[in-house]
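Please open the model in the viewer and follow the selections below in order. The tour begins with the whole chain and then turns to its parts.

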Amino acid sequence: MTKNNETIGVAGLGLLGRGIAASCIANGFRVIGYTQADQPHDKIIDYIENALIELTEQTKLDPEIQKNWKTRFQFADSMNSMASCDFLIESIVENLESKRDFFNEIEKHIHKNVPIGSNTSSIPITLLQKKALNPERFFGMHWAEPAYATRFLELIRGEYTSDDVFEKGESLAYALGKQPSLIKKDVPGFIVNRIGYAMYREAAFMVDQGIADIETIDLSCRNALGLWTGMCGPFQWMDITGGPKLYAECIERVLPTLCSNNNKLPKLFEKFRKEKSNGLNSRSKFYEQKDNTIELQERYHEFAWRMKALIDEFDPMTEKQEGSDC
Ligand SMILES: NC(=O)c1ccc[n+]([C@@H]2O[C@H](COP(=O)([O-])OP(=O)(O)OC[C@H]3O[C@@H](n4cnc5c(N)ncnc54)[C@H](O)[C@@H]3O)[C@@H](O)[C@H]2O)c1
């Protein structure tokens, strides 16, 4: 992909989409952003501006990019304004019908060869492809927050994804400085969310069972998982701390007591499942009494940068994969 001439459409400029737009701009692409009226344009501009300032301070990003980025960004005023995109990244709400409606419409406006990467967190890509006009152009492109700072990107092949599209997705991932994880089978949740959901379910189950309260579980996870997951993955961790034989014995003992033997949603989630909400910031929280989500999101950005620097220093996986600076 030749960066400066290539245009990436980003649809949905919420929490993730605006970070994806910043990542594309920082890496030399033109971006056309498409979103709904609930996202004021000035807030999105401020977010991208701050992301690029952060990237200039934290990485070797050329300061000229931060100064001139607005010449390479525009808002789409209709779906037809996305017609000039060479690549489309979709990051609208996590709802199958909304995504399908969006794809049905956008496919009428962009050329059939334009790849579409969906940032879905949990919807199988094959399901999104089922009613598409050109199913072979769809693949999963699962980002992590903050999208412009993390190396994480999962690329998922749906049943109908063409080799050519998947290769283009991979080459875009590298052009954006990511260390893409290529996922061979299209399962809900892919890798990291699948593991995450198993953990969230077990955590909630422990609350249901009266084993520990929310704060205690958070503390344990933060103080243990929070350290080693920054340096390596579960398999390398098991090697470092006893090896697979030891883990096989422990896992066998604990398995029958895990909540995975019960497919029901833990009780702790039930009341949230029923609530009506109008978007991320109006939803209730586990820590309702101290609603400092925005402050914590900002603190997390700073933390993520420092973690990234630590990973660079201690990473036992670098000889396999090389990331870029932003
Ligand atoms: N929040 C996360 O940490 C995270 C991480 C990885 C992936 N994702 C996925 O990214 C996607 C977006 O999540 P988010 O957290 O940014 O949500 P969000 O609610 O912050 O943003 C979604 C945005 O989509 C826009 N939108 C809704 N319908 C649209 C349409 N038809 N056309 C254009 N825009 C539309 C809305 O204006 C909203 O601003 C979801 O699929 C989600 O699962 C989220």
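What percentage of the contacts in the protein chain with a separation of 6 or more is accounted for by residues 24 or more positions apart? In this predicted model, such pairs account for 68% of those contacts.

**Whole chain.** Select the protein chain and display its secondary structure: 12 helices and 8 strands are present. The radius of gyration is 21 Å, close to the 20 Å that the globule rule gives for 326 residues, so the chain is as compact as a globular protein of that length. Viewed along its principal axes, the C-alpha trace spans about 55 × 45 × 45 Å. Buried residues make up 28% of the 326 in the chain.

**Ligand shell.** Next, select the 26 residues around the ligand; those that come nearest are Gly-12, Gly-14, Gln-36, Glu-94 and Ser-121. By class, this shell contains 13 polar, 10 nonpolar and 3 charged residues. Then highlight helix 1 (15-26) and helix 4 (96-106), each of which supplies at least two residues of the shell. Helix 1 provides the largest share, with 3 residues.

**A helix pair.** Finally, select helix 7 (residues 192-208) and helix 11 (residues 267-274), whose axes come within 7 Å and cross at roughly 110°. Angles of 65 to 115 degrees count as roughly perpendicular, and helix 7 and helix 11 are therefore roughly perpendicular to each other. To inspect the contact, show Ala-204, Val-207 and Asp-208 of helix 7 together with Lys-267, Leu-268 and Phe-269 of helix 11. The residues of this contact comprise 4 nonpolar and 2 charged, with no polar ones.

Definitions and conventions. Residues are numbered from 1 along each chain as its sequence is written. This is a predicted model: local features need pLDDT of at least 70, side-chain atom pairs count only at pLDDT 80 or more; totals for chains, interfaces and linings use all residues. A residue is near a molecule or strand if its C-beta atom, placed from the backbone, lies within 6 Å of it. Helices (H or I, at least four residues) and strands (E, at least two) are DSSP runs, numbered from the N terminus. Ala, Val, Leu, Ile, Met, Phe, Trp, Tyr, Cys and Pro count as nonpolar, Asp, Glu, Lys and Arg as charged, and the others, Gly among them, as polar. The radius of gyration is taken over C-alpha atoms; the globule rule is 2.2 Å times the number of residues to the power 0.38. A residue is buried if 20 or more other C-beta atoms lie within 10 Å of its own, exposed if 12 or fewer, and partly exposed in between; C-beta atoms are placed from the backbone. Two residues are in contact if their C-beta atoms, placed from the backbone, lie within 7 Å. Axes are lines fitted to C-alpha atoms, for helices over the stretch in contact, and angles run from 0 to 180 degrees between N-to-C directions. Angles under 35 degrees count as roughly parallel, over 145 as roughly antiparallel, 65 to 115 as roughly perpendicular and the rest as oblique.
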